[in-house]
Each structure stands twice: as structure tokens, then as C-alpha cells.
Number of protein chains: 2
Amino acid sequence: MFDKNRLTKLREEMKKNGDKSYIILTGDPHSSEYVASKFIAERFYFSPFTGSDGSLVVTLDGAYLFTDGRYFIQAEKELADSSVTLMKMGTKGCPTIAEFIAQNDLYPTAGNLFYMPEGFYEGVAKNGIVNDRDYSYLVENKPELSKDKVFALDEKLFTLSFKEKVAKVASEIENKGADSIIITTLDDIAYILNWRGNDIECTPVFYSFLYINKNNEVHLFIDKDKLSDVDYSNIHVHEYDDVVDFIKEKTNEIILVDKTKINAKLYNLIAKPLNGKSPSYLMKAVKGPVEIENIKRIHELDGVAMLKFYDFLYTNLGKNLSEYEYAEELEKYRRQSKDCFELSFETIAAVGENAAQMHYGPTKDKSSIVTLNDNVLLVDSGGQYFGGTTDITRTFLLKEPDAELRRDYTLTLKSVINLTTSIFMDGCAGTAIDIKAREIMWRLGMDYKCGTGHGVGYILGVHEGPNGFRYKHVPERDDGSKLEPGMITTIEPGVYKASKYGIRIENELLTVPAFETEDGVFYKFETVTYCPIETKYLDLGLLSDDEISWINNYHQMVYEKLSKRIQGNERLLALLKMLTKAVER
Amino acid sequence: MFDKNRLTKLREEMKKNGDKSYIILTGDPHSSEYVASKFIAERFYFSPFTGSDGSLVVTLDGAYLFTDGRYFIQAEKELADSSVTLMKMGTKGCPTIAEFIAQNDLYPTAGNLFYMPEGFYEGVAKNGIVNDRDYSYLVENKPELSKDKVFALDEKLFTLSFKEKVAKVASEIENKGADSIIITTLDDIAYILNWRGNDIECTPVFYSFLYINKNNEVHLFIDKDKLSDVDYSNIHVHEYDDVVDFIKEKTNEIILVDKTKINAKLYNLIAKPLNGKSPSYLMKAVKGPVEIENIKRIHELDGVAMLKFYDFLYTNLGKNLSEYEYAEELEKYRRQSKDCFELSFETIAAVGENAAQMHYGPTKDKSSIVTLNDNVLLVDSGGQYFGGTTDITRTFLLKEPDAELRRDYTLTLKSVINLTTSIFMDGCAGTAIDIKAREIMWRLGMDYKCGTGHGVGYILGVHEGPNGFRYKHVPERDDGSKLEPGMITTIEPGVYKASKYGIRIENELLTVPAFETEDGVFYKFETVTYCPIETKYLDLGLLSDDEISWINNYHQMVYEKLSKRIQGNERLLALLKMLTKAVER
């Protein structure tokens, strides 16, 4: 329960130090997309808002919760009578935190610079003093970081060994004119070490910093207790917090650092920073032959789990189970494979109009019942496997659809096909290709308010840059980066109609060479998601012969991939056969 | 005739001043794409290379001509026995000028900083001293700038008056936090003043600088003798060279300046520069209702000229005229309209394999004969009218084509149609749409090595930013800028086969609103080029019904637009009717 006295106590401390405001961001020292609960606890303690994204600014006589449109309704409810004011980010007249502090003369302001991204810090610091302050000692029952051990993955799962990756990073930083690099992003660190951890839910990384110099010397900053199961004989290991003093002492080195991913405290200690992406950023995005082989293998396992889910859904639809129960069932099927060790994100199972909310997810306490009277069940899910990370969406049509739904479902599949079958030259970014999926919607005045797809990690984050499919160019997102063979990108167009339904169909695409001519090098996509797409209610009048052929070829591949994994299971084989049966006009 | 002693004399002067190298760029103080002959004379004098693009670096014992692949053959021939070394830019191992100077320790280097773009200067100056030096006094018979008068255009040709444009610029620079702006780009200056000039061939601008402050005060720096025909009562006029002292004295003003377009001399005099595009850059690109009405009107005039050319070509093909004679004939037809006062670029008329060279242009002295045995005649041309600037390409098939040519011609038209009929959301840049034209080629392993299209000025440059169609994102080109209603962009895909033929079909597209839904605002294109496209040899098997309808609708519009302008001319009317006849399977 939230207690207003917490803010009073905080303000007493602020007054002692002369801080006119205190900023509590939701974020970890590594600019991670998802964070451990430790890094959200302080905001939860000082305000009653429980949404996963938001920032709190506490002043000597007020408190302001900044969040975006996804959370307005929830925040209004939770903040009522709390004395905390809701700041609706992105609405007209709402300032950014930096503007708010400058406009209200809240300097000196304060915050934990170790948790504050350098980019955010620069915006606030340009107009006044920002004190490095941590009042989180006031927080009662603050969660600790996970004590789970780091684990080494089988080297057979990787094209490049740890040593080879270090050598490549070292040589590339030297080419860029740097002496060393400090890597702050957790997925890059896990990628280079070929280790994984359990510090953040669904993303198998571990809290640490990594330093590599041009002489292949590697220093890891981590809770040493976590390393009892791994061999770190070639690595200098330091305690996590020692990174601060270590960096401070490197006064003569040009250190390569990604300003968009480092926290303000560390950045401002670097005597000679050279701003730029870590070489591991692109290395990690381009999967090698061993990774690709494994990705295809575990997508077969994932497809079998999805097939079992098809079976369960078709059998139990009349039983009025909840979205949450369906999600749990699917998780169970994934975990039946010994290679699956976690989900890659919380399963979204959304019925009817719930599916129109892009960020909807059922919980044990709050979940709708799925009935025979509902129109759709959208299921977006994925697993972490020893061999890759999956992300797949299928939308199940629960009863005979009306003409509008039938059309929208067909158009969604048409979008998938149209982009998947692209041929494009070396040099194309996802922004050059996005329209292949989206224009089908645009012609009818529809648009899904999200990217068409994102990069996927390898036994890592389900979201990974720089590849992706979007139509607007945003420099900070690096989405001008070209698509390269070995990159994995989701394609997930959809139709979302408030108070009606949401439709999304999502596969993962591998970029592969198409051909080379005297005019240049051309690429195409290979679908590595192997799971039937419901065809029963397609409006074939909206599909060309080529599109129908694509569906049939895709389903033939799915049949070949999955049938060999369910030999002997006549029930599943029959279902697979039915679901992958060729479509005919 | 080139004389090696010129270099000897230059080196004597360099030695006196202690310059170890001297850089002669081809460019004017305004970063113009095309320049007056004055600004190319020094390079012509000190090296025998006559190509329009190239830079010369003279050292104490050598001379190095830097140019790109378009000119290698010509440069090798012209530089033979000249003691000038060819530096093949863009080939492996060839350094940039900045690298060349650094690698060979040619500092202190020298050059005329008033002619040197700031961006280039920064690259050279970061490794050593660059002296501001002008040895062009050694050049004999150096051309002067044109003495032609500046002329005011009828205010009826513009949506915004000079005063309104100044007010808009002044208010936008204030919004950006600047006190004033120095505008260096000649087309922006002509745009704001609603004046035109005759200092550069085919681009009706006049050499000048423009300064505007947030209080709407306007200062123009120009050869005052040019202003006798215009009313400049609201403008403070200074001599062109006085801009240097004027800027030097503005020590307390934050001056908005486009670093990519200013010369190094001026830039380094600005005490408080704020880097950014001039507001006029985007204002100029978005044509208003008056401009659009005029653009459509003069494209009808341009279409009539092209129709006359069709007639001439069909009548004279057997007479073995040269490309140059055809180009002259087309110019004559354009100038028959009293509204046409100049060409917008030198007409390209290229027969057969000449058409495969993208930068080919016939001259009086060097021009191929067009015969009945040739496959194609590609004609790319345009005019400057009181009411707009045109750019159009048609490729004429001179005899029954073989299957390959027929296919490539049909594919080129298909590319035009596919992009022209796009529907796209507000926020799309040309880079998001380019693939609609290009993928048709890519599927067959072909690619035209140029953009699909470029922005077009209004009674100004035939190339104008920021709009354009390209697939690679290049930040310096601003090609992430979104397409807006009122922008004019060419679409000009093609097929180029060395030693065979080149095909290009080019129209101009106006971005217009399509519709608005709850999902957002959508745009489409309207073709404003009105000229028949030869359909006789199309391979209809490669075209969809919708594409054939597009061709027929386009030709119906062309017929309506042009027929009203050639009433009474039965010969042209009959030709127009034939060329715009509906295509049927």
C-alpha cells in the first residue's frame, strides 16, 4: 500500500542536500528494454502507479508521474487521492521531464546518474545542475538482483567462439581509432562471452559490464558469486561496481562507447570517449551458419508446440477457458521440449476486442473467457531455446467470420506474403521494404500503428537491432542500416479495430542471398517459422494465384518440417495434414 | 592549348608563400550543382582535362586530377603527356583529396576558401594548415561573371509574395533560436525574392548572398549593376564581396547557417553559427496552389512541344539526322511557346548504345547519326517557363524491337505505373516508396544505377531537394524528409545495357492528398507531365489489366490536355489521337 509519508521523508532528505527536485526513472544502468524488478522498485515505492513504464519527478511540494498513452486510464485510477499528478506524455502541452524542470526552475535537480541514460542526462543538464543522488536507501523491502548463476552455452551452438569474437571486436575497435571499448548492453556481453543468465525475465542476460582493449584483454564486471559454473580463466573479473573506478583510471585511452546506451555516470568518467556502436552490435545481428542451423531446428520444436496448441484450442473451445489458461497451456507445450528453457516474453492470448489493444496481456487475476461466440483469439508468443529465440503470432478465427473480418484476415496474410516474397538489392534497409506489407492496408485507409517487424536475438532478446521493418525513418533507431544475409526479422502486419477485434500474423524471416548479376547482389527472405496459418475462412477472391501458391508451398514446407517430429502421433499428424492442406479456388 | 609552363609559374608562386600544395575545386562559393564558367576556368587552365566535374591538386613536383568513373576514359586521353596524374575516385586504393594531402604530408596546403565548401575544408583542415590563397590571377582570359540583369517575375506566378516569404523565414528562424540567417544557396535567394537571373546556364539564378534577421530586415549582396530592372526599395543592397565584412561584424548574433552549403571563408567568420537548413528549403519544395496551377499549364505547353517532336521524328527518321539536330529541333519547339525562356538542362538525345551512358549528351561536334536501323532514341529534356520547370524523358523505339528490348521497354513503363499509383501515409519519405518502381527490375537481376527520381524547382533548378526517390538512405541528402502535398518529384526508372541500348521513361509527379481515415492521412501522386508514351511495341502479356487501364486513362488525360492547345492543327491532332489511342489486349 502506498503511503504519502514516504514522499514527506524523501523531501526532508532532499532539503538537507539542497535538491529542488529528484528524478526517478524506470531503467537500469544498461539501457535495457526490459529490466530487473530492482530497477523499478524505487518508483513503485514513491508513487502508487504500477505500470511498467513511467518516470517520477518529486519536488519539494509535489510529485509528477510521467507516462504515455498506453497507461493513462490505469494511472488516473491508481494516482487518485495520492497527491501525485499525472503528466500525460505525448499529449498537447505536456512538457518533457527536461522541459518541466527547466520551466519550473527545479534546479538543482537530482537523480541516480548510474541509472540515468546519458542522452536523458544531457537534456536535463544543459539548463542547470543535476546532482548525482541516490535516495533509494529510503525504500523498504527493495528487491535484490537475482543471485542465479551465469551458465555457459555449448560452444557447438555458435559459429564463433568467445576468443574469436573478442579478436574481432578488438580488431574493429582498433580500426575505428580506439584503444578499447566499454560495452554496457547486456545482450552484447552475453553474445561475446557465449554465456547466458537469469537476471531479467524472458531475456537470458546477466547484469555486468565488459571492457575489451585492442590487445584482446577482457575485463568483466559482475557479481563474482554468479560465476561458479563457468570457466573465466581468460577473463579479468571484477566486482560489478568496480567498473566506476576502473573507467576513471583509463585517462589515456580512447574508449569506444555507445552514447545512446551508456549511463551518465560512467560516460562522464571517460576521459577520451569515442562515440559509436560496439562492433558486437552488428556481429550479433548477423547470424552465422551454426546459429542459422539451430534456429531452423528449434523453430520446428516451436511449431510442434503451436500444433499442440491448435489441437487443444479446437478441442476445448466449447469449455469457456480463459485467455490466461490458454496461455499457460501453450507455455506447457513449449516447455515439453527439453531445449526450451524459458519463454521469450509473456504470452499474449487476447480474445475479440482485447486483441485490438496491442499491449494487452492476460494475467492470472485479469483474463477474459474465450467462448464459441467470440470472433478471434490472437496468440503472440515465443520461447527461449538452446538454439534460438522464437516469436510467432497466429490469429484463430473462432467462428464463421463476417465479411469485414474475413477480408481483414485475408489482407493480413496478403501483407505477410507480399513482403516475404520481396527481392531486394544489397544496401536496402527495412525502411525501403516496409511498404510491401503496409500498402495493402493503406489502400483501404487502414494502418497498424507499429513497425511491421523487428530483429530477433539468438538465445537473447526477442527485440534486437538494427534490422526491422518500419516506414518512417528515425535516425536514433539505426533503421537506415542495411539488411544483411543472416539477419532474422519478424514480419507481423495486422488489422486492429477497437471494440471489434485484432488480427496479426507473424513469422520470422531470414535474409538470404537471392542471386548476383552484373548489376549487383540481390537478397530475399526465407521463412523460418514453421506453423500452419488457418486458411479455412480466407477470401480467395482477394488473393492472386501466386499468393495462393505461396500459401500452399509454405504449408507443404511446414508439413515436411513438423511431420517428421511427430511421427507416431496420429492425432497430431492428422491435424497437421488438415491444417496444411492445399488451398484451391 | 594546355601549356606545362603554367604549372611551373604556379609552383613559383606557391614556393614564395610556403604552400606545399594547392587545391583547385570545381565549385562556386554557393555550393551550386551547376556553376558559371568563371568557377571552372582555373582548373581548365592548369590541367588539360575538360570534363565538367573534377578537382586538381598541384604540388611542388606534381599535379593530380581527381575525378570519378564517368570521366575516366576522357581524362586518360586528355591527360596523356601532360604530367598531370589521374586519380580515379571511388576505385580501390584511391584516397580522397583530404587523405592524399595527409598521407603525403602536403601541408601547409592552400586554396581559395571562398570557393571551398565548409564540409570539404573541415576534412582537410583537421590534419594540418590550410592557407586561404587565390592564385587565379595567373589565369589568362579568365571569364567574368555574366552581366545579365536580374528580372522580377510577375507576382501572379506565386502564392506568396516576397514580403510574405520574408516574414515566414524570419518567424521560423526566431523559432529555432536564431537572430538571423545567411542564405547562400542561389535558388533559395531567387525563391524568396521572386526574382530570376541569367548567371548559370539553364538555372535562372543570380550570384548573391541574402541575409534576413528576425525583424524582417533583408540585406542582399550582389553586383548592384544587375538590379536596374527590379524594385529593391525594401531591401538593403550591398556589393557582392561586402558579405565578408558584413558577417564579420555580426559578433553578437546567432546566425542560422546551412553548413553543407556555405563556403569555409564565410562560415569561419560567423561568431555564433547555428547549423541548420534554411526555412526556405522546405517552403520552396512545397509548391502552393498558384504554382501548381501554373505548373500544370506549362506542362501542357511542354507536351505540345514534345508532340511536335514526335511528328518531326516520325517524318524525318529516314533522313539520317544527328542526335544534335534532333535536340536542336526539340529546343526550337519549346521556344515556340512565348512562356519558355530557356531550357532547364542541355537536351539529351541519345541513339542506341549511346543511350546506355547515363551522362551522354550530343554536342555540335560530337553526335551520332540516327538511322532507321537503330533500336532506340532516348530524349531527356526540359524547359524553363514563366510558370514552371519541366523535365521529361521519352524513349522512342525506332524499329520493331527484339524480345529483350520489348520486355525492357514494357518493364520500364510498368515501373513508372507501379510507383505512380502508390497510396502512402503522411510521414513516408521517397526512400520508403522507391522499391515500388525498382523491384520490377530487381526481380530480373537488373538495377538502374541512379535514383528513381528527384525534386524539381519552380522556374528554378531542375534538381531540387529534399524530395526524391532512392532506396539507399544517405543522411547528407536529407532523403529521410517526408513527401508532402505540393512537392514535385520526377519518376524516371530505366534499363541500361552497355553496347545495346538505354531506356528511360520520365514523368513529373505531384504529391496530393488521397484521403483521411481514423488511422491517418494518406497521399497519392498526380502526374503533371502530359505527353504520349509509345505503346505500339508494348508486351501486353507483362501488364495487368489495371496497368493497361492506367495507360489508357493517362492517354485520355493527355489527349484532353493537349488537344485543346492544338485546335485547328489537324495534322498534330491526328497524331495525338493515334498516339493516345486506347491499348487493348
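Which residue lies over the face of B:Y281? Select B:K277: it lies over that face, at 4.6 Å from the ring centre. A charge counts as sitting over a ring if NZ of Lys or CZ of Arg is within 6 Å of the ring centre and within 35 degrees of the ring normal.

Some ground rules before moving on. This is a predicted model, where local features need pLDDT of at least 70 and side-chain atom pairs count only at pLDDT 80 or more, while totals for chains, interfaces and linings use all residues. Residues are numbered from 1 along each chain as its sequence is written, chains are lettered from A and ligands numbered from 1 in the order in which they are written, and side-chain values use heavy atoms, with hydrogens and water left out.

**Stop 1: another charge over a ring.** Pick B:R6 and B:Y45. The charged end of B:R6 sits over the ring of B:Y45, 4.1 Å from its centre.

**Stop 2: salt bridges in chain B.** A salt bridge here is a side-chain nitrogen of Lys or Arg within 4 Å of a carboxyl oxygen of Asp or Glu. Over all chains the structure holds 84 of these salt bridges. Select B:E76 and B:K88, whose side chains meet in one at 2.8 Å, N to O. B:E76 is in helix α3 (residues 72–79) of chain B and B:K88 in strand β4 (residues 84–88) of chain B, so the pair ties together parts that are twelve residues apart in sequence. Helices (H or I, at least four residues) and strands (E, at least two) are DSSP runs, numbered from the N terminus.

Now jump to B:K259 and B:E122, another salt bridge, with the closest N and O atoms 3.1 Å apart. B:K259 lies in the loop between β13 (254–257) and α9 (264–267) of chain B, and B:E122 in helix α5 (residues 118–125) of chain B, so this pair ties together parts 137 residues apart in sequence. B:K259 is partly exposed at 25% relative accessibility, and B:E122 is partly exposed with a relative accessible area of 33%. For reference, buried means under 20% relative accessible area, exposed over 50%, and partly exposed in between (1.4 Å probe, protein chains only).

**Stop 3: a buried salt bridge in chain A.** Select A:E492 and A:R504, which meet at 3.7 Å, N to O. Both A:E492 and A:R504 are buried.

**Stop 4: ring pairs in chain A.** Rings of Phe, Tyr and Trp (its six-membered ring) pair if their centres lie within 6.5 Å; planes under 30 degrees apart count as stacked, over 60 as edge-to-face and the rest as tilted. That rule gives 58 aromatic pairs over all chains. Show A:Y64 and A:F100: their ring centres are 4.7 Å apart and their planes at 55°, so the pair is tilted. A:Y64 sits in strand β3 (residues 63–67) of chain A and A:F100 in helix α4 (residues 97–103) of chain A, 36 residues apart. Both A:Y64 and A:F100 are buried.

Next, highlight A:F309, A:Y310, A:F312, A:Y314, A:Y326, A:Y333 and A:F396, which ring pairs link into a cluster.

**Stop 5: a sheet in chain A.** Switch to cartoon and find the open sheet of three strands, in the order β15-β18-β19 (chain A), with antiparallel pairing. β15 (340–343) and β19 (388–389) of chain A stand at the edges, each with a single partner strand, so one side of each is left without a neighbour in the sheet. Strands pair if DSSP finds at least two bridges between them. Two bridges join β18 (residues 383–385) of chain A to β19(A), and A:Q384 stands opposite A:T389 in β19(A).
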